[in-house]
Amino acid sequence: MPTDDSAPASPGHVAIEVDGVAMVRLLGPQDRLLRTLEQQYRGVDVHVRGNQITLDGDPAEVQAASALVGELITMIGNGHDLGEVEVASSARILEQGAGSPADVLSQAILTSRGKSIRPKTLGQKSYVDAIDVNTIVFGIGPAGTGKTYLAMAKAVQALQRKEVDRIILTRPAVEAGERLGFLPGTLTDKIDPYLRPLYDALNEMMDPELVPKLLATGVVEVAPLAYMRGRTLNNSFIVLDEAQNTTPEQMKMFLTRLGFGSKMVVTGDITQVDLPTGASGLQLVTRVLADIDDIHFARLTSDDVVRHTLVGRIVDAYTTYDAERMAQKHERESLRDGERGADRGAERGAEGENRAARRSGLQRDRSTGIRRSPRRGSW
C-alpha cells in the first residue's frame, strides 16, 4: 500500500513508498503506465527510484496525481491488471468525483482462462449496470468501446448463472460498402463471414471445446437477423450487433420477438451505417422508444475506447469533421433558402407592380370612356 515517507516539504512535493506491489505492474512494461500518468498531469514531474515515487510540480496536479497513484496501487493489490486505458479512465473518474476507481472498475463479469472481463471505463460500467436492471438496452457508441464484447460477456454470465436457457447472437448480413458477389459453399458458409466476430468473442469467453457442443444443441445460436422473423424468444439473452445496419422495419421485427424471461441488448455505431439506401433502424428507434420504461439507451464516447489510444483520437477527428461538414451544409442550405426567399419577394413585387399598372390603366380607360376590344386587344 502507498505510504508517504515523510511529511511533504511543500504542497507541490509528495513522496510515495510502494509496499506489497511489484513496481513493474505499477509502471508497466517499458514504463508505459508511468508515461500515461505523466500525460494525464503534464504539470507534474514523476521520478521513480527503487520502490519510491516522487511527484513534484503544480500543487493541485501533484495532489491529483498522488490520489491516482494510490488508486492504482489498490487496484493492483485487488488483482486488477492495469493498462493505459485503466490509468486514463481512473484519472477521469477521480476528476469527475464519480467515486473510487478501485471500486468502480473492480467488478469482474467473467473470468475465462485466467483473464477477467470487466468494464474499463465509467461509461462501460454504466452500460453494464444498465443491462442488469433493464430488459432492453441499446449500447450506442463508436468502434472500440466494448459494446458487443461486454454484452456477450453478460450473456455468457447469465447462461452460467442459469438466469436464461440460451444465448442468441445475431446481426444483419450487410456488406461494409463492398460487393462480395456470390460466395461459394452452403448457406452456412455464406453467412459465417458476417458472423465471425461473434464466434471469435464467444471462443474467448468460453471453453473452445464446449462452444461447438452448445451450438449443436441450440443453447447458443448465432444467426443472421433475417432468421429472427416469426419467432418468440423466451428465457433467452439476445444480442443484436451492428444494429445501425438494420432498416426501421427490421428493428421493429427484432424488438417484437421479445418473450418472457428474456433480455435484449442492441449495439451499434450510428456513424458507420452501411445500408445502401434508406434510414437506419437504430437512428429511428432512439426517437421512437426514448420515453418507454425498462428500455435504456447507453451512449458511449471516445473516452470509452479500449483499443489503441489512436482509435479514440481517430473517432474524435471524424466527429469534428462530420460536425463541420453538417454546419457547412446547413449554412449552404440557409443561404439557398435566403436567395429563394429574395427571388420570391422580387417576383411578388413585380407581380404587385403589374397588378397596380393594370388597375391604373383600367381607371384611365373608365375616365376616358374608351373600351378595350376583346377580340383584337387594341384601343
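Which residue in strand 10 does Ile 167 stand opposite? In this predicted model, Ile 167 faces Phe 237 of strand 10. The two strands concerned, strand 8 (residues 166–171) and strand 10 (residues 236–240), are paired in the parallel sense over five bridges.

This pairing belongs to an open sheet of six strands, arranged in the order 9-8-10-11-7-12 with parallel pairing. Strand 9 (220–224) and strand 12 (295–299) each have a single partner strand, so one side of each has no neighbour in the sheet. On average, neighbouring strands are turned by 15 degrees against each other, direction ignored. Helix 10 (residues 248–255) packs on the sheet and touches strand 7 (136–140), strand 8, strand 10 and strand 11 (263–268). The direction of helix 10 makes about 155 degrees with that of strand 11. Helix 11 (residues 281–288) lies across strand 7, strand 11 and strand 12, and runs at about 125 degrees to strand 7.

Nine salt bridges are found in the whole structure. One of them joins Arg 171 to Glu 242, with the closest N and O atoms 3.3 Å apart. This pair links distant parts of the chain, since Arg 171 is in strand 8 and Glu 242 is in the loop between strand 10 and helix 10, 71 residues apart. Arg 171 counts as buried because its relative accessibility is 9%, whereas Glu 242, at 25%, counts as partly exposed.

Another salt bridge is formed by Arg 196 and Asp 200 (3.9 Å, N to O). These residues are four apart in helix 8 (residues 187–205), so about one helical turn separates them.

Terms used: Residues are numbered from 1 along each chain as its sequence is written. This is a predicted model: local features need pLDDT of at least 70, side-chain atom pairs count only at pLDDT 80 or more; totals for chains, interfaces and linings use all residues. Side-chain values use heavy atoms; hydrogens and water are left out. Two strands pair if DSSP finds at least two bridges between them. Axes are lines fitted to C-alpha atoms, for helices over the stretch in contact, and angles run from 0 to 180 degrees between N-to-C directions. Contact means heavy atoms within 4.5 Å. A salt bridge is a side-chain nitrogen of Lys or Arg within 4 Å of a carboxyl oxygen of Asp or Glu. Buried means under 20% relative accessible area, exposed over 50%, partly exposed in between (1.4 Å probe, protein chains only).
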